[in-house]
Each structure stands twice: as structure tokens, then as C-alpha cells.
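The tour moves from one selection to the next.

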Amino acid sequence: MYTYLCCYCMLLLLVIQTPDYFSLQLVLVRFTKYIMDLRTLRFRFQPEQNNFHPSCSVNEQMRPFYGPRNSSILLLLLTFLPLLVIIHLWVCQRWQSVENNSQRLQLPPGSMGWPYIGETLRLYTQNPDTFFATRLKRYGDIFKTHILGCPCVMISSPEAAKSVLVSRAHLFKPTYPPSKEKMIGPQALFFHQGDYHSNLKTLVQSSFHPTRIRDSVPEIQRIVLSFLSAWEKCTTINTLREMKRYAFEVAMISAFGSSSKQEVEMEGIKQLYLQLEKGYNSMPLDLPGTPFHRAMKARNLLNETLRKLIDKRRQAGVGGGLLGVLLAAASSKGHSHNLSDSQIADNIIGVIFAAHDTTASILTWILKYLHDNKHLLEAVKKEQEEVRCKILQENRELTWSDTRLMAFTTRVIKETLRSASILSFTFREAVEDLEFEGYFIPKGWKVLPLFRTIHHSPDLYSHPEKFDPSRFEVPPRPHTFMPFGNGVHSCPGSELAKLEMLILLHHLTITYRWQVVRDEDGIQYGPFPVPKLGLPIRLTPANTQN
Ligand code: HEM
């Protein structure tokens, strides 16, 4: 235990000293959880070692932790406590002076928690709904807190969220941990405002516009069918892992075009991207041997491979996918989009990153909700069979127009997006001192519109805890349904994401049934909230069911 605590304190110091607070504090959270899990496991599974007896109360079971041989822990705490108090007082004084400087206005109500750690541990170690609900009740729609090393203002009314994301968006710039920027590529559109962002956004949007993605239906269908036949042969599949593989394949064809399969660089790009991905949530320490270092190495190699591919595509004509759109814009003379190779590369990686875990997490939730609500699964199946009947009568393949007939399935997708709200919030940063809804927000503070809280507000969605696709028979009030964000930085891939879900559900619900193995309630982060263990399922052909 002493070793754990020492490691913990070292980590704490690292967090305090390093500027990438976001990632470091997340590592701290994971480490805390790890220690908590270890303790729980030890008490749960090694009874003899800890004098465990089922009849003991929780406190009695925990007693060994507080025993006399751990008095050194107390010593350590006593050493660190004054230091923490001093830092806390200093930080409070800084915020006080910030407040005084504003002369008229006050900071929003709320608690800044512990020095530097703020309320990070609370947010990430308890159910996020409980965290937000208790603060909403105590402080109202706008409250201040301190998470991931930053003072923050959380907002949970649709009007305030609209103000941050749409009407006053120029005052709130997007903000990400520096290590994430380094890995994805600093020139990816997420990290920018102004002309550079809007020019790029136009190009990305045009690449994922329905008029373009409708042609990718046959290719997505081919990917779906090959995955389904592979899953059928497995006794159990991990839904999240498989959905990630599926979403990754679709992201690759949208980034590089359907014909990219023949290009020799593709396998290398896939392997390097997967290597890079392993480092996304690691401690941002660029030292040999660390996952972050390996990821950065993969990122550099990825740049080289992408540059070679860009050269080749230039010589051969531009080719398909987002890469084709960006290359065409970069080569058209007098065009406002004067993109360099590294800008193109960063945006390709950025889009694969944005398209991949998000879609996979939502697909995992859909399978969970349909599994738990059999009547909805039957209704989806009925709708899909009607579409299939039409396709068979006309002796053709599934098309984009067919997916427009899937109204009920689309409502199931929307309800999943609302209910799961995998992006609980997004981060913005105040670019100057400003007045907001009667409060003062200092320059540099993070402002977080809470999508999840809005989607779960009983004032906006009756019985929000209920999974009920029928609520989308009427469109939601403007700015109250934001699974794909809102305003200038809203998601350009929303139609593609929905399309890949519809095509998968079409084949899955008609042909197969699935049973959740080790069905447990609860969520885990992977990196978005997903059902526990990534939802292991067993797939069986539908016609073998009674
Ligand atoms: C269910 C799947 C998805 C969800 C829930 C989702 C959600 C979001 C959200 C909430 C944002 C806004 C973030 C913010 O305002 O800070 C966003 C941005 C973005 N998404 Fe998605 N997304 C999904 C799938 C996709 C796909 C398939 C693509 C690409 C084809 C994509 C590409 C992007 C990009 C490039 C941005 C940044 C836009 C900008 O900064 O202007 N997303 N996404």
C-alpha cells in the first residue's frame, strides 16, 4: 500500500508540473481506479489473506488497510497535506483576484474541489449523471468546477449551449490536450477557428454530403456482409471491438475511396494507425519504451507513408475519398484552400480518428438496447424485412433510397444517440474575459456545454431514463438534441455514421439474433461510455430461433 501511495504522490507531482493536465489527470484517475479495483479484488477474492468473512461489515473488511503497519501512510499524508493546503489557498486567492478584476460580475456558483486535482476524481470515478445532477440541483444551470487541471464553467441549458456553440462561437475556441493535438496532427480542423477552419470544413462536409456518400452503399454493404459471416463462425464476439473494426474499415474507405484497397500503402497505413491509436489514452511521456513514444513514432511514419501516397495520387490524378477532395482543392489554381501535404495528412488522420470510436460505441449501445427491448427488435426486423422484400422483388441490391425508408430504425438510432449520449460534453475555452448569462468568465477558462444533461432533462424529454424511440415521431425542439454537436464545429460525418448503422442493422436484424453473454448492467469507458465488458454477445442465425 505504501508503494501505491508513493507512486500516487509521484504521479500527483507529475500532474502538477506538466502542462498537459488533461491527459495526466486522466492517467491519475485511471491509477486511482486501479488501486481501488485492486483493493476491491483483494478483499473480494483473497479472503484468507485478509481475514475476510462474509458476515463482516464493510468497515471490518477494510480494516487491514488502516492497520498500524500503515502508520507511515499517515506520516506521508501529514507531509503532503500542508503543501496541498498552501497550494489551495494560493489558487483560491488567484480566483478571488480574477473575480475582483471583473469589478461588476461574479464567477458562477460552484466548487473548485481540491487544489489542482479539483473535482476530476469525483467526475471520473462516480457515475457522471450523479456528478452533474448533484451540482445542477445545488447551483443551477451554470456552475463552476475544476477538472483535468483547468477551471471550468459547465452549462446545461439549451439556450446557453447554443450561445457557446452557435451565436457567440467566436468567443469560445475548441480546446484539446496538447498530447492529443500532437498525435492527431496540429493542423486538423478540430483545433482551429476562423478562415482555415471554415475552408477545410466546407471541403470535409462536401466529402461526407449525402450526394457523395450515397455511392458508398455497395462498398459498406460488402464490408458488413464479410464481418457478419466472420462473426457467425465465432462462439462469442466482443461487440465493441468488432464494431471498432467495422467502423475503421468504413472510415478508411471514406478517407481514401473505395478503390484504395488495391493501393500498396493501405496495409501499412492501417497498421501504423492502429499502433498510433494504442497511445491515444496513454500518459504523454515521450520517452523510449512508453506507449506514447511508440505512438508518436507510428505517427511520424504515418506522415511519411501518407506523403508518398499523396505524391502517387497527384501523379495519377486525384482519386477518391476525402483525400481526393482535399487534393483536388489543393491543386486547383486560385482556390482559397491552399493546403500543404502535412495539412492534408493531419486532416485525414483526424477524420479517421473522429469517425471510428464514436460510431462503434453507438453501434454497441444499439445492440444492447435492442437486446433488452425485444419488442423494438421485432419492429426493426419487420421494417427491414419490408425493405428486403422490395429489393428482392426488384432484383437489385440495397441502395441509399432504401435507407431513406427505414423510419423506425432511424428513430431507434436517434434514441440511442440521446440515451447513450457518448459525448457527455465538449470543451471550449473563453478567448477573452467575458460576461455570460449574468456571470463573469475569465479568459482561458474552459466552458463545457453538457450534451448529456440536456438529453436527459425531464423538462425536455419526458421519462428520460426510458428507451423510447417513439419520442422522435415529432422532431425535438431546436438546440435540444445535439449528439453531433451544434454550430461551426458540428459533426460533418453524421450522415455517414447513420448510414453505416442502417446498413449493418438491415442485415443483422433480418438474418441474426444475438444473446448477451455475462449480461451485466453498468458502463465502462472505451474511451466513450459503453456497456460493461464491451458487450460480449453470441450471434446465431435468426431461423434457428423459436
Ligand atoms: C455516431 C457517431 C458520431 C458522433 C456521436 C459524433 C459526434 C461529434 C460531435 C459531438 C462533434 C462536435 C465536437 C465539438 O463540438 O467539439 C463532432 C465533430 C466532428 N466529427 Fe463526429 N461524430 C460521429 C461520427 C463521425 C464520423 C463518421 C465522422 C467522419 C466521417 C466524423 C467527423 C467529425 C469531424 C471531422 C468533426 C470536427 C468538426 C469541426 O471541428 O468542425 N464524426 N462529432
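Helices (H or I, at least four residues) and strands (E, at least two) are DSSP runs, numbered from the N terminus. Residues are numbered from 1 along each chain as its sequence is written. The model is predicted: local features need pLDDT of at least 70, side-chain atom pairs count only at pLDDT 80 or more, and totals for chains, interfaces and linings use all residues.

**Stop 1: C491**

Select C491. It lies in the loop between α20 (451-455) and α21. The unreviewed UniProt entry covers C491 with the annotation "binding site"; UniProt positions are given in the numbering used here, feature names are shortened, and annotations may be inferred rather than shown by experiment.

C491 has 19 other C-beta atoms within 10 Å, so it is partly exposed. Leaving aside residues up to four places away in sequence, C491 touches F484 and G485 (C-beta atoms, placed from the backbone, within 7 Å).

**Stop 2: the ligand shell**

The shell holds 27 residues, and the closest are A354, T358, G485, C491 and G493. Colour α9 (194-207), α16 (341-372) and α21 (494-511): each supplies at least two shell residues. The largest share, seven residues, comes from α16.

By class, the shell has 17 nonpolar, nine polar and one charged residues. Here Ala, Val, Leu, Ile, Met, Phe, Trp, Tyr, Cys and Pro count as nonpolar, Asp, Glu, Lys and Arg as charged, and the others, Gly among them, as polar.

**Stop 3: β9 and its sheet**

Move to β9. Strands pair here if DSSP finds at least two bridges between them. The open sheet of three strands runs β4-β12-β9, with antiparallel pairing. β4 (237-238) and β9 (512-516) stand at the edges with a single partner strand each, so one side of each has no neighbour in the sheet. Five bridges join β9 to β12 (residues 536-541). Click Y512; its bridge partner in β12 is P541.

**Stop 4: β2**

Finish at β2 (residues 150-155). Five of its six residues are buried, so β2 is largely enclosed by the rest of the structure. Six bridges pair β2 with β1 (residues 142-147) in the antiparallel sense. I142 is partnered by I155 in β2. The two strands form a hairpin with two residues between them, and L148 in the turn has a positive phi of about 50°. With β8 (residues 446-449), β2 pairs in the parallel sense over four bridges. C152 stands opposite K446 in β8.

Key. A residue is near a molecule or strand if its C-beta atom, placed from the backbone, lies within 6 Å of it. A residue is buried if 20 or more other C-beta atoms lie within 10 Å of its own, exposed if 12 or fewer, and partly exposed in between; C-beta atoms are placed from the backbone. Two residues are in contact if their C-beta atoms, placed from the backbone, lie within 7 Å.
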